[in-house]
Amino acid sequence: MAPMMIENENDVEVGESLPPMTEHAVSVSLPTWRANVGYEEGEEWVISKMKTGYPRFFIHKEIQKFAADIVQKHGKEGEGAMLFPTHCTAERCQDFIVRIAADQDTSQVRIIDLVPAAEKARAEELKVISPRISAVLYPLELFKVAKQFWQHSGDGVSSRRAEYCHHLFDNAVLVDAASIDAQPTRMCKGPRRYQNKKTSIDLDAPATPQDTETVTQFVEQRFGRNLDLSMTKNAKLAIRRRIAGSLTADVALAEALSLDADSERTRQVADFFEDDVYLYPTGMSSIFNTHRNLLAAKGQHKAIVYGFPYIDTLKITEKFGPGSQFYGYGSDEELDDLEKRLESGEKYLALFTEFPGNPLLRSPDLPRIRKLADKYDFCVVVDETIGNFINVNVLPYADVVVSSLTKVFSGDSNVMGGGLVLNPKGPNYSVLKKQWDLDYEDNHWCEDSIFMERNSRDFVSRIDRINSNAEAICDVLSAHPRVKQVNYPKTSPTRANYEMCKNPKGGHGGLLSATFHTRADAVAFFDNLDTVKGPSLGTNFTLASPYVILAHYGELDWAAKWDVEADLIRFSVGLEETSKLVDTFTRALDAMGKASE
């Protein structure tokens, strides 16, 4: 019998952005179970309506248009282009395509560096915003390979960068570096930025009042926005201070900048400052670049992925470098196995884990992992995206902490970003700090940084509200007899591991998931749940998805081997009024019974 459908207040048309009518949204509406399957199957009725999608999986239409125009001007018929912020990031994509497609003709895979033609542009404007694009041109038959790098690395251009640079390109302000005498192209052979001093664009250069006026006018004229892009440097500093845990109350930009550098922090690690915080264009970029830098700093060894991870973390360790050892349960028995391997002489680069994991919300035993790392000399990389540093303090156990700022740190679902923190008390700090100082490029686009800073000002108070709402939903789901299992840090069999890292005033986060005794119940519940539905998490609004269908559709049997069921539904709980949320979930639970009558 077909599921009974309730008319939902939050129904959003298939393919519409989430939030609706948001140009740079990072989620998209897939409001029914059938729509999610249709998306994965490539069905026309879904794909044709997609206005946007999660940016690492769906290349934003503005980026697609810009890439097409670059190919038209600089490429050949039958070619495509992937767009990156720097020559270094583009070169890594080129190397990946050549390596993965070794059995195909890759001789035409090349890079076009588009840089400002200084004589045609206003110098003040360029000094502030530093626009540049490096395009990897490739035969269209290699698109799937190029797309893999785009997805796994997270280093592609943002839609805002593409929008801005596309306009410059159309007006002949952004030109092929080979067409001008001075090439500001960093060839990735050593440290620091572009080598040619004359045409170097320094994003961090102090802006003059004239710069501010010029850029504001430029943006208003082109895009109708009143953004002072000269504030980019200050916005990035405020973001880094928030990530450092310096800001434990909701504060605006001016207060963030006036804070003493040695102010009390929620991250209780001595000698830790915002200088150990790095920004990346996406959360996955912070993971990808961590793995890449660890290989450079510690040698070519396999990585360990412990606990069922977000899909691309495992793919990165498998496709880049010597490979990985995967422990998908995140169990004590698997740590026993790892310890035996280490005792026998096996050498590893690093252990990557999430705290807690996604989508089962299990928490690893970080103290034990840290002891093994210290004894056998491997690094520990912890993804704190779901726990977030207001709730948990994982830095003492990690060498590197990574996070997707796209999620709850931003909340507004309209900007991408990633954060990375080095532990100054970690045993590998000196070698890692040296490597990051040598390699790091700040590729977080200036306008994205301004949006991220604004969105994150109320980060702390939002976490408190979300924690409370999620616990209420956990209680509702756990009490229903047709719900098979609720996954949440507070009710998890690994709760003790979570509590060891929980801050005194921290909660259990805003993400949970549930399975049902039958697929029919799962479908009926999902279709009748009156929330918006789509990929991503940490949004200010409650967001639901059949997560395993979306993340692992081509490998459902593999996921099931690790107790990750195909019909699992994941909930990212938002800021709605608690009683209304409880009623929303209760009505969807009631609909399961009506659908089976």
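Predicted model: local features only at pLDDT ≥ 70, side-chain atom pairs only at ≥ 80, totals over all residues.
Residues are numbered from 1 along each chain as its sequence is written, and side-chain values use heavy atoms, leaving out hydrogens and water.

Let's start with Phe 389 and Phe 459, a tilted pair at 5.4 Å centre to centre, with 55 degrees between the planes. This pair links distant parts of the chain, 70 residues apart: Phe 389 is in the loop between β11 (379-383) and β12 (400-404), and Phe 459 is in helix α17 (residues 459-478). Helices (H or I, at least four residues) and strands (E, at least two) are DSSP runs, numbered from the N terminus. Phe 389 counts as buried because its relative accessibility is 5%, and buried means under 20% relative accessible area (1.4 Å probe, protein chains only). Phe 459 is buried too, at 4%.

Next come Phe 525 and Phe 585, whose planes lie at 50 degrees with ring centres 6.2 Å apart, so this pair is tilted. Again distant parts of the chain are linked, with Phe 525 in helix α19 (residues 519-528) and Phe 585 in helix α22 (residues 578-595), 60 residues apart. Phe 525 is buried at 0% relative accessibility, and Phe 585 is buried with a relative accessible area of 0%.

Elsewhere, Phe 84, Phe 96, Phe 149, Trp 150, Phe 288 and Phe 320 make up one aromatic cluster.

How values were computed
Phe/Tyr/Trp six-rings, centres within 6.5 Å; stacked < 30°, edge-to-face > 60°. Buried < 20%, exposed > 50% of the residue type's maximum accessible area, 1.4 Å probe, protein only.
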